[in-house]
Amino acid sequence: MNHPIRPIAESEFPAVCDLLDEAFVSSWAPGQMERFKGVTEFDRSLAAFDGDRMVGFTQVMSFDMTVPGGVLPVAGVSSVGVLASHRRRGVLSSLMRRQLADVHAKGEVFAALYASEAAIYGRYGYGRAVDNVFYSIPKHSSAFRADAPVDPTLRLRVEPPERAREDFVRVFDRVRPTRPGLYTRTAARWNATLADDENARGSSGRLRCVLAEDDHGVRGYTLFRVKRAVTDHDVPDGEVLLQELFAVDPAAYAALWRSLLDRDLCSRVFAANRPVDDPVMHLLAEPRHLNAGTLDELWIRLVDVPGALTQRAYSAPVELVVEVDDDVCPWNAGRWRLSTAKQTCERTEDAPDLSLPVRILGAGYLGGRSLESYRMAGQITEHREGAVRELSAAMSWSPLPWGGLVF
């Protein structure tokens, strides 16, 4: 069926909220809708219609994102939903294809998203580029190693988060360029991050913060909530729910973690969405008590293969011919000679050293995914022995990528 697609007007925003409420089986709490409107770019929205009724929606949020060796504009894809009544009619495919064409026309070389369902987006060329870890750390088993960093000039400051916003911004903006995947935050994005109404609190209490500072200024911060509880025997059994922790140096980082783990009236810390190489794993004397688990985080889609590959840095020199399969963005398909020494990626008719789908290039783009594992899974064809290992080593990066905040 034909479902016309176009950007929405601001007056149609309530219809978007109704659609997403149905698509995600959710409901809007007071204040939540206004925060969502604050991060919506109406000129970068796309809605599909069946007659006068909106049946599908997606949007792009414009960010700058850190990539290996630099910072690039990225199309942050969000709010993808189709009514259950219009599934399997090509609505989602039409929206995603139109969106990618628009991103390409705008000149952004890659797109990124957080997937509500991991099985969906590979069909449109997105690759699972970033993982995160979550921890559930018992307080009684959280002792640090004896050589954990300590700085006697550091002091901790407890402050209502609304009074420390400028400190958060300064710390975050210093950390952001150091890790691929971290992206710029607008004022509206900070408003959403620091939201503290009834919906944001849930059953976990108000938003709290601790800052680490010295006489020269703030060196780190943590945002968290405390879920109060007691055992059947009236023993305090609260849980610290970590929302964010950023620091510009190891001592400030360790001091902030210690402030969470030593929290009175609490017996554990639950930390969701932490980077896979989070240094806390090297601070605990017994790291098994992190009780870690892994989930997928950012998914990356190369919209302009040569543009994306020539605008990032590499960890090792490489020159080879990559054959790319991309039936959604056909301008990417074909053979490309990548030379990191010349910083070029040009079309060629030479025989390929390896062949792969575009989603795997996206998975490796931020430097956190081994391409060799895809070869071993039969998803990359290697025409010259060692070519995949060479490209994988060149694209790898440290620190590992991490977006840190769902958009």
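Two strands count as paired here if DSSP finds at least two bridges between them. The strands (E, at least two residues) and helices (H or I, at least four) are themselves DSSP runs, numbered from the N terminus. Keep in mind that this is a predicted model: local features need pLDDT of at least 70 and side-chain atom pairs count only at pLDDT 80 or more, while totals for chains, interfaces and linings use all residues. Residues are numbered from 1 along each chain as its sequence is written, and side-chain values use heavy atoms, with hydrogens and water left out.

Let's start with a sheet. Five strands make an open sheet in the order E17-E16-E15-E18-E19, and the pairing is mixed. Strand E17 (344-347) and strand E19 (381-382) sit at the edges with a single partner strand each, so one side of each is left without a neighbour in the sheet. Further in, strand E15 (residues 319-325) and strand E16 (residues 334-339) run antiparallel and are joined by six bridges. To find your place in that pair, look for Glu319, which stands opposite Ser339 in E16.

Helix H11 (residues 387-395) lies across E15, E16, strand E18 (354-357) and E19, running at about 95° to E15. For angles like this one, axes are lines fitted to C-alpha atoms, for helices over the stretch in contact, and the values run from 0 to 180 degrees between N-to-C directions. In the segment after H11 you come to Pro399, which is joined to Ser398 by a cis peptide bond with omega of about 5°.

The next sheet is also open. Seven strands line up as E8-E9-E10-E11-E12-E7-E13, again with mixed pairing. Strand E8 (155-158) and strand E13 (293-296) are the edge strands, each with a single partner strand, so one side of each is left without a neighbour in the sheet. From one strand to the next, the twist averages 25°. Strand E9 (residues 208-214) pairs with strand E10 (residues 217-227) in the antiparallel sense over seven bridges, and Val210 stands opposite Thr222 in E10.

Helix H4 (residues 165-175) packs on this sheet, touching E8, E9, E10 and strand E11 (238-247), and its direction makes about 110° with that of E10. Touching, or contact, means heavy atoms within 4.5 Å. Helix H7 (residues 250-261) lies across strand E7 (131-138), E8, E9, E10, E11 and strand E12 (266-275), and runs at about 170° to E11.

A few residues around here are worth a stop. Asp234, in the loop between E10 and E11, has a positive phi of about 65° although it is not a glycine. Asn273, in strand E12, is another residue other than glycine with a positive phi, near 50°. Asp234 has 60% relative accessibility, so Asp234 counts as exposed, while Asn273, at 18%, counts as buried. Ser141, found in the loop between E7 and E8, counts as buried too, because its relative accessibility is 14%. Leaving aside neighbours within four places in sequence, Ser141 is in contact with Leu284 and His289.

Just after H3, Gly107 takes a positive phi of about 95°.

Finally, the cores. A nonpolar core is a set of buried Ala, Val, Leu, Ile, Met, Phe, Trp, Tyr and Cys residues joined through side-chain atoms within 4.5 Å. The largest has 85 residues, of which Phe110, Tyr126, Leu302, Leu309 and Tyr365 touch the most other members. Strand E3 gives the largest share of this core, eight residues. A second, separate core of 29 residues includes Ile137, Val210, Tyr253 and Val280.

Technical notes:
Buried < 20%, exposed > 50% of the residue type's maximum accessible area, 1.4 Å probe, protein only.
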